[in-house]
Amino acid sequence: MVGARVFHYLFWDTQRFLADPTILFTGAGGMAVMGATVGTGFGGWVYCRLTGANFLHWCDGLMAPICICLSLGRMACFLNGDAYGMPTASSWGMVFSEDSLDWTAQWKALHHLYAEVVLMFGAFLFVLWLQRTGRAKQKLFFVFWALYGANRLVIETLRFDRNIAFGNLTYAQLISIVLILYGIGGVLYTRAKWRDSGPPAPVLK
């Protein structure tokens, strides 16, 4: 919840935050799913540090459910009229009623069905396969971040509500690049570190 709130104002509603930072503690504004996801990862790490559990082993059973939850959550966002795509005349586009709360004058045209539903479901299937085959033991945490970052990097090119940070890149895309590098780096580092000894024994408490 904290991550979702902070990310919303730091990276999506930046001008309102800079004008009045105390708005973070009011009921105004919304939540950012990327911030919630990053916050969940950080919160899980803190929990494992406090309990003595093996964080990477603990994450192996959570990455697939998180992927499917993000996919379903994005469908909910779309049905709510949030995170809409560019105008499109394609057969899968749709228009929201101008009588609904989610309608605005900027998107009377048809819009893309939110592709993150499909991409994150694909990520879910891939992570589930890795989990069941044991091909990435104690590495799924890093695999998830690489997939999630790549997903969001692509999705941002389809969104109409883009908050530009640098050049033509949005804040979400810059964060996504960091997540991709972190995920790939984590997989390569742990693979090299455990090449001879294998991953450490699970510690569950």
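**Aromatic pairs and the nonpolar core**

Q: How many aromatic pairs does the count come to?
A: In this predicted model, the count comes to 17 aromatic pairs.

Q: Take Phe 141 and Phe 142: how are the two rings arranged, and why?
A: Their planes stand at 75°, over the 60 degrees required, with the ring centres 5.5 Å apart, so this pair is edge-to-face.

Q: And Phe 144 with Tyr 148, what kind of pair is that?
A: That pair is stacked, because the ring planes are at 10° and the centres 5.8 Å apart. Both residues lie in helix α7, four residues apart, which means that about one helical turn separates them.

Q: Are Phe 141 and Phe 142 buried or exposed?
A: Phe 141 has a relative accessible area of 7%, so Phe 141 is buried. Phe 142 is buried as well, because its relative accessibility is 9%. Phe 144 and Tyr 148 are also buried.

Q: Which residues form one aromatic cluster?
A: The cluster consists of Tyr 47, Phe 55, Trp 58, Phe 141, Phe 142, Phe 144, Trp 145, Tyr 148 and Tyr 182.

Q: Turning to the largest nonpolar core, which residues touch the most other members?
A: Phe 141, Phe 144 and Tyr 148 do, in a core of 31 residues. Helices α3 (33-51), α4 (55-60), α5 (63-79), α6 (116-133), α7 (140-155) and α8 (171-193) each contribute at least two residues to this core. The largest share, seven residues, is that of α7.

Q: What does Phe 141 touch, leaving out residues up to four places away in sequence?
A: Phe 141 touches Gly 41, Phe 55, Leu 56, Cys 59, Met 63 and Tyr 182.

Q: New topic: what is the secondary structure of the chain?
A: The chain has eight helices and two strands, in the order α-α-α-α-α-α-α-β-β-α along the sequence.

Q: How much of the chain is buried?
A: Buried residues account for 39% of the 205 residues. The accessible surface is about 11,500 Å², and 68% of that surface belongs to carbon and sulfur atoms.

Q: What about the contacts with a separation of 6 or more?
A: Of those contacts, 66% join residues 24 or more positions apart.

Q: Last one: what does the chain average in pLDDT, and which element has the lowest mean?
A: The average is 83, and 87% of the residues score at least 70. Among the elements, strand β1 (residues 164-166) has the lowest mean pLDDT, 83, while α8 has the highest, 95. Over residues 104-113 the pLDDT is below 50, although this stretch has 35 contacts in the model beyond near neighbours in sequence.

Note on methods:
Residues are numbered from 1 along each chain as its sequence is written. This is a predicted model: local features need pLDDT of at least 70, side-chain atom pairs count only at pLDDT 80 or more; totals for chains, interfaces and linings use all residues. Side-chain values use heavy atoms; hydrogens and water are left out. A nonpolar core is a set of buried Ala, Val, Leu, Ile, Met, Phe, Trp, Tyr and Cys residues joined through side-chain atoms within 4.5 Å. Buried means under 20% relative accessible area, exposed over 50%, partly exposed in between (1.4 Å probe, protein chains only). Contact means heavy atoms within 4.5 Å. pLDDT is the predictor's confidence in each residue, from 0 to 100. Rings of Phe, Tyr and Trp (its six-membered ring) pair if their centres lie within 6.5 Å; planes under 30 degrees apart count as stacked, over 60 as edge-to-face and the rest as tilted. Accessible areas come from the Shrake-Rupley method with a 1.4 Å probe; for residues, only the protein chains shown count as cover.
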